[in-house]
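Student: I'd like to learn how to read a protein model. Could you take me through some features one by one?

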Number of protein chains: 2
Amino acid sequence: MARTLEFYFDFISPYGYLGSLGIVEVAARHGCKVDWRPTLLGVSVMGVMGLPPLGETPLKGPYMANDFPRCFRLQGVPLKMGGNGSMAPLPAGRAFSWIKAQDRSAAVRFAQRVYRGQWSEGIDMSSVDNLAAAGEALGFDRRELIAALDDPEVKALHRASVDAAIELGVFGVPTFHIDGELFWGHDRLPHVDRWLATGGW
Amino acid sequence: MARTLEFYFDFISPYGYLGSLGIVEVAARHGCKVDWRPTLLGVSVMGVMGLPPLGETPLKGPYMANDFPRCFRLQGVPLKMGGNGSMAPLPAGRAFSWIKAQDRSAAVRFAQRVYRGQWSEGIDMSSVDNLAAAGEALGFDRRELIAALDDPEVKALHRASVDAAIELGVFGVPTFHIDGELFWGHDRLPHVDRWLATGGW
């Protein structure tokens with residue numbers, strides 16, 4: 001049976017997007033399945049850790065604003081930010097959870113569309129209209145998707161995912177979880193690759 | 001003329017130690033000189049950024065305590081921590097600044113001894129006695145080194161280095177500075193390597 005790696009993501013993070021691109025290749029190389037699991041940095045970083053948002057942190061915020069475009073250029077990933085780079089990730093996260101409850105494979109394709117739209121195509125994926133369009137392209141009903149965003153059951157489902165991620169120790173994205181080990185950062189993908197190849201070190 | 005890369009470090013950080021090992025090879029490959037420059041995370045992280053020490057940060061602290069030993073194992077670097085892993089880096093930093101003012105090359109060797117002692121050999125490099133021994137091994141007078149740690153001129157010199165690092169935008173270690181670009185983290189060494197090879201991207 002194929003091993004399953006958990007991939008924790010939040011659409012708000014451009015590093016999460018780079019991680020989502022990189023894990024496809026790494027997992028495929030090792031015949032490993034990927035379970036996409038949403039979290040929210042607003043809950044882990046601001047709520048649990050008591051830290052300000054990265055972009056507003058002195059010194060580190062300006063550094064990051066230079067580092068992530070450099071990472072995109074190095075990897076040849078187009079950078080064109082929706083909503084001028086600021087994103088409200090909650091609606092997209094809830095839409096993901098709603099789709100995942102119905103079709104896990106479609107949920108991955110949806111997440112990939114949201115990430116690509118927000119960070120490579122300049123589409124504001126905070127927008128309910130744009131989320132609905134992304135869902136429609138995958139065969140989901142536009143009005144059902146929009147209704148799901150305010151459905152208490154969907155909200156609870158999404159929040160339970162976020163709580164479970166934090167309970168596991170996930171604080172940033174991308175985070176990869178395999179064999180009880182957490183790997184945080186797209187810069188840890190070579191570690192994940194090696195871990196999958198060797199079974200640990 | 002050889003290019004010079006600035007390497008910002010604080011003995012308190014095991015990642016800084018890994019960076020100090022890695023930059024030797026990367027810089028040599030490109031015929032690049034390395035200028036070792038001290039900073040203090042206590043000033044940048046706690047003072048300027050207003051954040052708690054990494055080890056005490058919820059979620060991230062426990063993650064780091066697992067991540068850095070994994071990084072050591074992956075790179076085949078022995079991990080044996082002085083002072084049970086907690087370190088007061090100020091005396092070592094001042095001793096470095098005092099030595100650097102006399103002999104830059106000896107200062108690098110001193111820093112390498114301090115880092116290796118603290119993180120690979122289980123020697124508590126918060127200890128003035130151990131710092132004096134490290135200086136003595138490089139030909140510096142034991143009593144002069146100890147006196148320097150409380151010399152107002154040495155204190156001011158060291159503090160000026162820290163202030164200059166922060167003014168540049170350095171908040172964590174290791175940080176590498178070349179061509180006006182900052183690269184933070186030993187995991188960015190491949191970026192530094194590529195930057196030096198290509199002149200940017």
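Tutor: Happy to. This is a predicted model, where local features need pLDDT of at least 70, side-chain atom pairs count only at pLDDT 80 or more, and totals for chains, interfaces and linings use all residues. Residues are numbered from 1 along each chain as its sequence is written, chains are lettered from A and ligands numbered from 1 in the order in which they are written, and side-chain values use heavy atoms, with hydrogens and water left out.

Student: Let's begin with a lysine. Where is A:Lys60 found?

Tutor: A:Lys60 sits in helix H3 (residues 60-75) of chain A. Helices (H or I, at least four residues) and strands (E, at least two) are DSSP runs, numbered from the N terminus.

Student: Which residues does A:Lys60 touch?

Tutor: Contact means heavy atoms within 4.5 Å. Not counting residues up to four places away in sequence, A:Lys60 touches A:Leu54 as well as B:Met49, B:Lys60, B:Phe171 and B:Trp184.

Student: How far from A:Lys60 is the nearest side chain of opposite charge?

Tutor: Some rules to begin with. Lys and Arg count as positive and Asp and Glu as negative, while His and the chain ends are not counted. A salt bridge is a side-chain nitrogen of Lys or Arg within 4 Å of a carboxyl oxygen of Asp or Glu. Buried means under 20% relative accessible area, exposed over 50%, and partly exposed in between (1.4 Å probe, protein chains only). Now the case: A:Lys60 is buried yet has no salt bridge, and the nearest side chain of opposite charge, A:Asp67, is 10 Å away.

Student: On to cysteines. How many disulfides does a search of the whole structure find?

Tutor: A disulfide is a covalent bond between the sulfur atoms of two cysteines. Here the test is a pair of cysteine sulfur atoms within 2.5 Å. Over all chains, the search finds zero disulfides. Take A:Cys71: the nearest cysteine sulfur belongs to B:Cys71 and is 16 Å away. A:Cys71 counts as buried because its relative accessibility is 1%. B:Cys32 is buried too, since its relative accessible area is 9%.

Student: And the nonpolar core? Which residues touch the most other members of the largest one?

Tutor: A nonpolar core is a set of buried Ala, Val, Leu, Ile, Met, Phe, Trp, Tyr and Cys residues joined through side-chain atoms within 4.5 Å. The largest has 47 residues, and B:Leu5, B:Phe11 and B:Phe110 touch the most other members. Helix H5 (residues 104-120) of chain B gives the most to this core, with eight residues. Apart from that core lies another, of 46 residues, including A:Ile23 and A:Val77.

Student: What does B:Phe110 touch?

Tutor: Among its contacts, leaving out residues up to four places away in sequence, are B:Ala92, B:Phe96, B:Leu131 and B:Leu145.

Student: Is A:Phe183 buried or exposed?

Tutor: A:Phe183, in strand S4 (residues 181-184) of chain A, counts as buried because its relative accessibility is 0%. Its contacts beyond four places in sequence include A:Pro174, A:Trp195, B:Tyr63 and B:Arg70.

Student: Which phi does A:Leu59 have?

Tutor: A:Leu59 has a positive phi of about 65° although it is not a glycine. The residue lies in the loop between helix H2 (41-48) and H3 of chain A, and A:Leu59 counts as buried because its relative accessibility is 16%.

Student: And A:Asp179, what is its phi?

Tutor: A:Asp179, also not a glycine, has a positive phi of about 55°. You'll find A:Asp179 in the loop between S3 and S4 of chain A; with a relative accessible area of 45%, A:Asp179 is partly exposed.
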